[in-house]
Amino acid sequence: MKKPYNEIWIENLQVQRICEGWLSKKLITPQQNDLAKIAFPQDFYLPGIFVRIGLFIFAMMGCSFFTGFISLFFIKSNSNTFIPVSLLSAIVFSFT
Amino acid sequence: MNSATVLKNLLVRNVISEEQSKLIESFLASRTFSVFNELRFILYGGILLLTSGLGVIIYENIDTIGHQVIIAFIALVSASCFFHAFKNRLPFSWEKTTGSNKLAGYSLLLGCVTFLILEGYLQYQYQLFGSKYGFAVIIPTVLFFFCSYRFDHTGVLSMGITGLASWLGLTIAPLSLLSGNDFTDQSLLVSAIILGCCMVVFSKVSETRDIKKHFAFTYLFLGGNLAAVTSVTGLLNHDFKIVYFIVSAMLTVYFIIQARNNQWALFLLMGVIYGYIALSYSLFKIAPDFVPEIFALWYFLFSSMGVLWFLLNFKKLLGIKK
């Protein structure tokens, strides 16, 4: 099955994290840790917690306004069409 | 993927030698099982149970214990905490002091908190300060500022800053205003903006002049938040919108510059959120009446996408290396 992310990077990330743990226990030298980072590269975008919070807030905003925009095409006045549209969008967003 | 496979991988790529791999393997096999988290969890639970149990006992038996005993007990706790912190003090310096006793820091914090409780108790029960609330607030504020600089404690500093802000609020606003929970009064907002900006400036001064450099973050965080929240509130609620807009725009830019210079991602987030609110509100305010109907449909969608793009690429855009 094709995956939307690079599986090798995930494994390499795990290797790097275990190496960091060993470095903090002084089992390997900093040079070896750097070598491990070069031998097992990964290039995910991993920002700090605050940048993640910002990404979350603005992604939620963008998604909800997009839902509102899409619902304009389906909505009829005095009806409950908005509920299925929003449920559908919720399902779509949770999968993306 | 477990440690054994990682070891094998590292060995294959020649990152570590054969002997080292054996050494690490034997270390991992023979290491002791850590119960640090479990012990700490039990400790937290114990403290929680003890304090809540004491609270319940005192609450149930307040008429037989009497207020004087409780006040004396709180005063004793506070005094002994201050005494302990004072006994373990380090020589004063304008730099960050190193090698301080961790327990002394906590006892200082506990001493300050119990001092506040003591004062609140006296005021509530015996009206010690009458209606001079400003006087009641300024005493702990001065004490906390002194303690934070003398014992080099950022937690106590933030308590002191909070005290300062509430003292200013009490001095400026008539009490009826505060009890009505109306925090949008203009005089209150302006004074809060001025205090917040003063603290932002002071954080810069303490950074450049080496006056407790590590306090700069606390000053900037508390003062900057105060100034930004109040200037956005002023923008939304009052006239002279251009002044409030300029203040919040300047704060936003300053936050982002600070985030860039000091690698503080928190200020990046603050700057982006406050700036987004101020900018969006002002755009809709200055736009002619017929524009928002067409404009609003697209504005939020594309502006939030723009912010996402900024957050994904901020390192490149702000020129932060790695």
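Biologist: What should I know before reading residue names and values?

Modeller: Residues are numbered from 1 along each chain as its sequence is written, chains are lettered from A and ligands numbered from 1 in the order in which they are written. The model is predicted, so local features need pLDDT of at least 70 and side-chain atom pairs pLDDT 80 or more, while totals for chains, interfaces and linings use all residues; side-chain values use heavy atoms, without hydrogens and water.

Biologist: How many aromatic pairs are there over all chains?

Modeller: There are 17 aromatic pairs over all chains. Rings of Phe, Tyr and Trp (its six-membered ring) pair if their centres lie within 6.5 Å; planes under 30 degrees apart are stacked, over 60 edge-to-face, and the rest tilted. One of them joins Phe69(A) and Trp298(B), which are tilted, with 4.8 Å centre to centre and 55° between the planes.

Biologist: Which helices does that pair connect?

Modeller: The pair crosses between chains, from helix α3 (residues 49-74) of chain A, which holds Phe69(A), to helix α14 (residues 291-312) of chain B, which holds Trp298(B). Helices here are DSSP runs of H or I with at least four residues, numbered from the N terminus.

Biologist: Is Phe69(A) buried or exposed?

Modeller: Phe69(A) counts as buried because its relative accessibility is 15%. Trp298(B) is partly exposed, at 39%. Buried means under 20% relative accessible area, exposed over 50%, and partly exposed in between, with a 1.4 Å probe and protein chains only.

Biologist: Why is the pair of Phe217(B) and Phe221(B) stacked?

Modeller: Phe217(B) and Phe221(B) are stacked because their planes are at 10°, with the ring centres 6.2 Å apart. Both lie in helix α11 (residues 216-237) of chain B, four residues apart, about one turn of the helix. Phe217(B) is partly exposed at 31% relative accessibility, and Phe221(B) is partly exposed at 28%.

Biologist: Which residues are in their cluster?

Modeller: Ring pairs link Phe217(B) and Phe221(B) with Phe255(B), Trp264(B) and Phe267(B) in a cluster.

Biologist: Changing topic, where is Asn225(B)?

Modeller: Asn225(B) is in helix α11 of chain B, and counts as buried at 19% relative accessibility. Its side chain makes a polar contact of 2.7 Å with that of Tyr274(B). A polar contact is a pair of N or O atoms within 3.5 Å; within protein, one must be able to donate a hydrogen and the other to accept it, and residues adjacent in sequence count only if both atoms are side-chain atoms.

Notes
Helix = DSSP H or I, 4+ residues; strand = E, 2+ residues; numbered from the N terminus.
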